[in-house]
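Look at the sequence and the fold below.

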Amino acid sequence: MGKIPESELILNKDGSVYHLNLKPKHISDTILTVGDPSRVYMISQYFDDVDFEMNRREFITHVGTYKGKKITVISTGMGTDNVEIFMTEIDALANIDLKKREIKQRKKKLKIIRIGTSGALQEDLAIGSHLVSDYAVGLDTLMCYYNLPQDGFETEVGQELKVATELPFTPYVVRGSQTLKDQIGAGMVVGNTVTCPGFYGPQGREIRAELKNKRLFEAINYYHKDDFWLTNFEMETAGYYALGRLLGHEVLSVNAIIANRIKNKFSKNPNKIIDSLIRKVLDSL
């Protein structure tokens with residue numbers, strides 16, 4: 001591939017990537033991500049120091065050190081559409097010569113850890129749990145636009161879920177980084193996370209707008225393949241895992257369980273659960 005046209009990878013006047021407003025010097029090899037911009041501060045409060053800050057749209061970035069290790073934390077906002085922007089531009093910072101607009105011959109493998117919140121799909125998954133996502137299942141259509149390699153098990157699960165959920169497309173199934181899972185997920189519940197393109201209807205919530213498929217939640221709750229069950233709902237993990245595989249990065253999602261959809265319960269103090277997960281991740285880096 002030759003030079004990447006200006007219209008395809010857009011740079012700002014200062015040479016930073018378009019949405020994140022960052023330059024290569026601003027990122028570290030380990031990147032923590034959150035959906036909610038306010039959670040960037042929940043993480044960086046534990047840094048030894050913060051050397052750089054950038055506020056651009058929902059993408060808030062703090063770069064600092066924790067126990068001497070350089071760490072970047074970035075908010076992405078909600079949804080896999082934002083994750084696609086983040087993953088593409090963070091990869092460009094690592095693996096594209098932005099001045100020459102050429103892909104570098106030697107690729108850098110980033111470690112990207114999502115720290116998020118999630119609702120339990122299974123009755124026995126307690127509020128307050130910390131869950132590490134082994135597999136992610138995308139009920140969004142992002143991977144309809146990319147050529148995602150999947151193994152036989154992932155393909156089978158996706159095909160079976162298409163039938164079970166009656167969706168007009170095949171969900172994509174991707175396993176996260178086993179290296180990061182071993183490093184960071186010790187002591188956490190291991191689960192398989194469902195990523196939805198919305199918070200209400202796509203997760204089976206009916207407020208005023210009528211749902212098209214009133215059995216969607218039940219179908220996801222009951223689906224299993226041998227001992228493979230779907231454990232929790234959120235809105236980003238599958239996009240992270242799929243793009244991580246496509247771009248060659250180590251990616252892991254860890255989740256603070258703040259609700260149980262089967263019991264219709266929500267945490268009285270979700271920030272306490274999130275904070276303890278943040279500290280657990282930081283201490284494992």
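Is Lys-108 buried, partly exposed or exposed? With a relative accessibility of 40%, Lys-108 counts as partly exposed. Here buried means under 20% relative accessible area, exposed means over 50%, and partly exposed lies in between (1.4 Å probe, protein chains only). The model is predicted, so local features need pLDDT of at least 70 and side-chain atom pairs count only at pLDDT 80 or more, while totals for chains, interfaces and linings use all residues. Residues are numbered from 1 along each chain as its sequence is written, and side-chain values use heavy atoms, with hydrogens and water left out.

Side chains of opposite charge can pair when their charged atoms come close. Such a pair is called a salt bridge when a side-chain nitrogen of Lys or Arg is within 4 Å of a carboxyl oxygen of Asp or Glu. The structure holds 10 salt bridges. One of them joins Lys-108 to Asp-29, with 3.6 Å between the closest N and O atoms. This pair links distant parts of the chain, 79 residues apart: Asp-29 lies in the segment before β1 (30-34), and Lys-108 in the loop between β6 (102-103) and β7 (111-120). Strands are DSSP runs of E with at least two residues, helices are runs of H or I with at least four, and both are numbered from the N terminus. Asp-29 is partly exposed, at 45% relative accessibility.

A second pair is made by Arg-114 and Glu-234, whose closest N and O atoms are 3.2 Å apart. Glu-234 sits in strand β13 (residues 232-234) and Arg-114 in strand β7, so that the pair links parts of the chain 120 residues apart. Glu-234 is buried, with a relative accessible area of 4%, and Arg-114 is buried at 4% as well. Salt bridges with shared partners join Arg-114, Glu-234 and Glu-236 into one network. Elsewhere, Lys-214 meets Glu-206 in a salt bridge of 2.9 Å, N to O. Glu-206 is partly exposed, at 40%.

Now turn to the nonpolar residues. A nonpolar core is a set of buried Ala, Val, Leu, Ile, Met, Phe, Trp, Tyr and Cys residues joined through side-chain atoms within 4.5 Å. The largest has 61 residues, and those touching the most other members include Leu-32, Phe-86 and Val-254. Helix α2 (residues 80-95) gives the most to this core, with 7 residues. A second, separate core of 18 residues includes Leu-121, Val-137, Val-157 and Val-194.
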